[in-house]
Every structure is written in structure tokens, then in C-alpha cells.
Amino acid sequence: MPVPSALREVLPDAGLRRGTAVSVAGGDTGLLLALAAGVKETEGGWAAAVGLPDLGLAAAEGYGLDLRRLLVVDDPGAHWAEVVSVLAGAVELIMLRPDGPVPPKLAARLAAVLRRSGCVLLVAGPWPGAVLRLGVRSGRWFGLGDGHGQLVGRQVEVVAEGRGSAVHGRTAWLWLPDEHGAVRPLQEQPQPAAGPAIPAIPAIPVIPAAEPLAPRVAAVV
């Protein structure tokens, strides 16, 4: 399954392997949404969010998800596994935050469901048997001043580890997101935003300083 171009270099297959589970360490929502954004390029292009009641839909749209093709199950409770099993046959990608630790037997049962359906499961947190584990090793937000301002972007170092070709791990520095709400490589320059041109300010003529006046000395008679 395709992912945004900025994430291809950190993934061993330059995308997400269908029918597998991928763990996003720490449950970083920005990384979760960035990985899911490529689903719109697939046939059908449907995705689901399960157990993510705090998911920002505006942020999801900013990363590239089509909200018209996003199913949201805010609070499945203890039945999240059943919900995932049903949705796996209807959508191409599921974002999930499980309700507590996942038993290995349950993870193995859902892995079989994923293999049959070809659905990709992105898990916010640890997942037994995940073929790939991604996380944000370090990051920094920009835009805030001394007690004021607005967040405009975040630079992060993303690391991916797993089995096979990803066993040694790969890293990449990204904007996640940049000032436009998108994910892009750190070295890539953003495109200028469209808008009215700002008129040039006429130069102010420089007036040369006057020569200093010679001091007047009063003669004392």
C-alpha cells in the first residue's frame, strides 16, 4: 500500500505490506495519520479509525485522508477485536488503539483475518507479531515564542524497525507536519502558498548627516 513520498525511504518495501499489522510506538497520532494517508491512492480508498475518540478530523484531512471514505468507531470498548474483524473485510486500512494490552493469541487470530482480507492494521502502541515498528525518536515543535505564538510545524526523526530487510532499522528526518499540515522531508523546501502579492515598499532616501558645527569660543576681554 502506498505511503507519502517522504516516508518511503524509511520503509523497507517503500510502502505498507498488505495483510499485516504495523505498530506505531508511543501512539504518535501524526505518524499514524501520515502512514494512513496513502490509502486514498488505492482502489476503493476506504479507511477506518477504531478506538481513537480524540482523533482530529481536520488534521486527518490535512495529512491527506478523505473524510468521505473514513469510518469512525470512537469507543468500541471491549469489543474492539470484533469491530476490527468486521471492518477488515470492508476497508483497505484500519487505524486502531486497543483497549488495553493485546494477548498474543488474539493478535495471531486477527493476523489471520488481515492476511485473508489484505487489510493493513496501523496500531497506536505495541502489537505482538507486528512486521514493522515505527516511532518518533526525537522531535521539536516550531512557532511558539516566550509564552505566546501558534504551533506551525514539527521536525521529527522517524525510525522503523522490524523483520527481514528492516531488522537493522532505518531513520529519516521529516516535517511532521510542516506549516501547511503535510509531511515532507526535512531538506525539501515548501512551495510558496498562493495569495495576493505584497506590494514593494519604496526605498527611503538616505539623507547625509550634516557636518558638525565648529564650536563657538567666546573671547574674554
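**A walk through the predicted chain**

The chain holds 5 helices and 9 strands; helices (H or I, at least four residues) and strands (E, at least two) are DSSP runs, numbered from the N terminus. Read from the N terminus on, the elements follow the order α-β-α-β-α-β-α-β-α-β-β-β-β-β. This is a predicted model, in which local features need pLDDT of at least 70 and side-chain atom pairs count only at pLDDT 80 or more, while totals for chains, interfaces and linings use all residues. Residues are numbered from 1 along each chain as its sequence is written, and side-chain values use heavy atoms, with hydrogens and water left out.

Of the 221 residues in the chain, 42% are buried. Buried means under 20% relative accessible area, exposed means over 50%, and partly exposed lies in between (1.4 Å probe, protein chains only). Helix α2 is mostly covered, as 7 of its 8 residues are buried. These buried residues are G30, L31, L32, L33, A34, L35 and A36. At the start of α2, the backbone nitrogen of G30 has a side-chain oxygen of D28 within 3.2 Å.

D28 also takes part in a salt bridge, where its side chain meets that of R154 (3.1 Å, N to O). D28 lies in the loop between β1 (21-24) and α2 (29-36), and R154 lies in strand β7 (residues 149-162), so the pair ties together parts that are 126 residues apart in sequence. Both D28 and R154 are buried. A salt bridge here is a side-chain nitrogen of Lys or Arg within 4 Å of a carboxyl oxygen of Asp or Glu. Across the whole structure, a search finds 5 salt bridges.

Another of these joins R184 and D178, whose closest N and O atoms are 2.9 Å apart. R184 is found in strand β9 (residues 184-185). R184 is buried, with a relative accessible area of 8%, and D178 is buried too. The two side chains also make a polar contact (2.9 Å). A polar contact is a pair of N or O atoms within 3.5 Å; within protein, one must be able to donate a hydrogen and the other to accept it, and residues adjacent in sequence count only if both atoms are side-chain atoms.

R68 and D66 form a salt bridge as well, with their closest N and O atoms 3.1 Å apart. R68 is exposed, with a relative accessible area of 71%, whereas D66 is partly exposed at 23%.

The surface also carries patches. They are made of residues with over 30% relative accessible area and no salt bridge; like charges are joined within 9 Å, and nonpolar side chains (Val, Leu, Ile, Met, Phe, Trp, Tyr) within 5 Å. Accessible areas come from the Shrake-Rupley method with a 1.4 Å probe, and for residues only the protein chains shown count as cover. L57, L67 and V72 form a nonpolar patch, with about 220 Å² of accessible area together. L57 is found in helix α3 and counts as partly exposed, at 41% relative accessibility.

A negative patch is formed by D54, D74, D75 and D99. Asp and Glu count as negative and Lys and Arg as positive; His and the chain ends are not counted. The place of a charge is taken as NZ of Lys, CZ of Arg, CG of Asp or CD of Glu. D54 lies in the loop between β2 (47-50) and α3 (57-63), and D54 is exposed, with a relative accessible area of 75%.
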